[in-house]
Amino acid sequence: MLDLQNITHHYGKLRAVDALSLRVRPGEVVCLLGPSGCGKSTVLRLAAGLERLQAGAVAIAGSVVADAQAGADMPPEDRGVGMVFQDYALFPHLNVIDNVRFGLAGPMTDRRARAKAALAQVGVADYAAAYPHVLSGGQQQRVALARALAPKPGVMLLDEPFSGLDARLRDQVRDATLHALKNSGAACLLVTHDPDEAMFMADRIAVMREGRIVQLGPPVELYCRPADAFVARFFGEINALSATVARGAAVTPFGAVPSSLPEGSAVDVLIRPEALRLKAANGAASPVARVVAARMLGRSSLIHLAVGDDGGAGDDRPTPLHLHARVPGRFLPAENSLVAVALDLDQTFVFPASSPA
Ligand code: ADP
């Protein structure tokens, strides 16, 4: 178990981490997710002991390893944590097996066997005798992971471990990493700015903003029940409409969206592209939109829609809304055709209009 208790960290006057508490259970992968500069790496460095704790406490497996008030700060090598960074940090003058063996204690033959087992676990056993410079980025990252896992740490800390890899390789290494982390039983804290990566890797995601956790929960909860507009927007493109609450609902061109916000208040209605359900408009009763463009993007199609655009002329016409709808598979209605639009309320969120973007 990794337990961060009320940690705060300043760089000069800048408060990079602000009274943050977080527990990671054994066998659990928690992702710290947020935009660049929100304090993710600092949290990881404080947990590792790479940065001196200024306020709060860090406990690992029930023992306090750092306590700012008591002036206690155990060095990183004594904390029982495994670390993986973006730049792998392999020793160039040691071959793969010696890189992995480096941090292990015990008899030589035992260390060799454990290093080999760790390499096999992440699928690079064949490269034991190779030197890092002959390996691809993905192979180097697997070796770095094996090296961190070999001592069987109770806590694994990973800082943007896949960001140096190209997209296709990244998917493979992510997959191997997820399985290796889960097999290890360690409490894992992984830093990323990529929501897709966080959803792929995490049992729970902690979304951070300006040094604080704004929402913590399983990916499905964050995606389907975002706490605020910042979280909703962070998980991908979203359509935003301005609306007003009347009789317990925000009024939109696609119907009423229930909201408990005060009557008459100005709100933003945030609609995920997949929440716009489209059908041919053959005399449909549903509200209608005009297709501006339709593109197949692979697994889904993206339809650009104009709503409230009656095709007429005149300066006093309201500006049509431009919305994006995402439809699974191939769906390519003709440009300028009309489609009926229905809203999936599970993927539609209402927040006060003043919410930060
Ligand atoms: P993230 O990992 O989310 O990108 P960081 O924890 O790296 O965020 O940084 C948080 C804030 O602290 C940023 O504004 C960053 O510029 C600042 N910062 C990070 N490290 C240092 C440092 N060693 N000295 C001064 N400022 C720093």
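**Domain contact and a helix pair**

Author: In this predicted model, domain 2 and domain 3 bury about 720 Å² between them, with 77% of it on carbon and sulfur atoms.

Reader: Which residues in domain 2 lose the most area to domain 3?

Author: Asn 239, Phe 254 and Ile 271, which together make up 71% of what that side buries.

Reader: And how many salt bridges across the interface of domain 2 and domain 3?

Author: The rule finds 0 there.

Reader: Where do the domains run?

Author: The assignment gives domain 1 as 2–234, domain 2 as 239–271 + 348–352, and domain 3 as 273–342. The contact takes 6 residues from domain 2 and 10 residues from domain 3.

Reader: Switching to helices. At what angle do α4 and α5 cross?

Author: Roughly 10°, and their axes come within 10 Å. Helix α4 covers residues 137–149 and helix α5 residues 167–184.

Reader: Roughly parallel or antiparallel, then?

Author: Roughly parallel, because angles under 35 degrees count as such.

Reader: Which residues meet?

Author: From α4, Gly 138, Gln 141, Arg 142, Leu 145 and Leu 149; their partners in α5 include Leu 169, Val 173, Ala 176 and Leu 181. By class, that contact has 7 nonpolar, 5 polar and 1 charged residues.

Definitions and conventions: Residues are numbered from 1 along each chain as its sequence is written. This is a predicted model: local features need pLDDT of at least 70, side-chain atom pairs count only at pLDDT 80 or more; totals for chains, interfaces and linings use all residues. Side-chain values use heavy atoms; hydrogens and water are left out. Axes are lines fitted to C-alpha atoms, for helices over the stretch in contact, and angles run from 0 to 180 degrees between N-to-C directions. Helices (H or I, at least four residues) and strands (E, at least two) are DSSP runs, numbered from the N terminus. Angles under 35 degrees count as roughly parallel, over 145 as roughly antiparallel, 65 to 115 as roughly perpendicular and the rest as oblique. Contact means heavy atoms within 4.5 Å. Ala, Val, Leu, Ile, Met, Phe, Trp, Tyr, Cys and Pro count as nonpolar, Asp, Glu, Lys and Arg as charged, and the others, Gly among them, as polar. Domain bounds come from an automatic or database domain assignment. Buried area is the accessible area (1.4 Å probe) that two parts lose on being put together, summed over both. A salt bridge is a side-chain nitrogen of Lys or Arg within 4 Å of a carboxyl oxygen of Asp or Glu.
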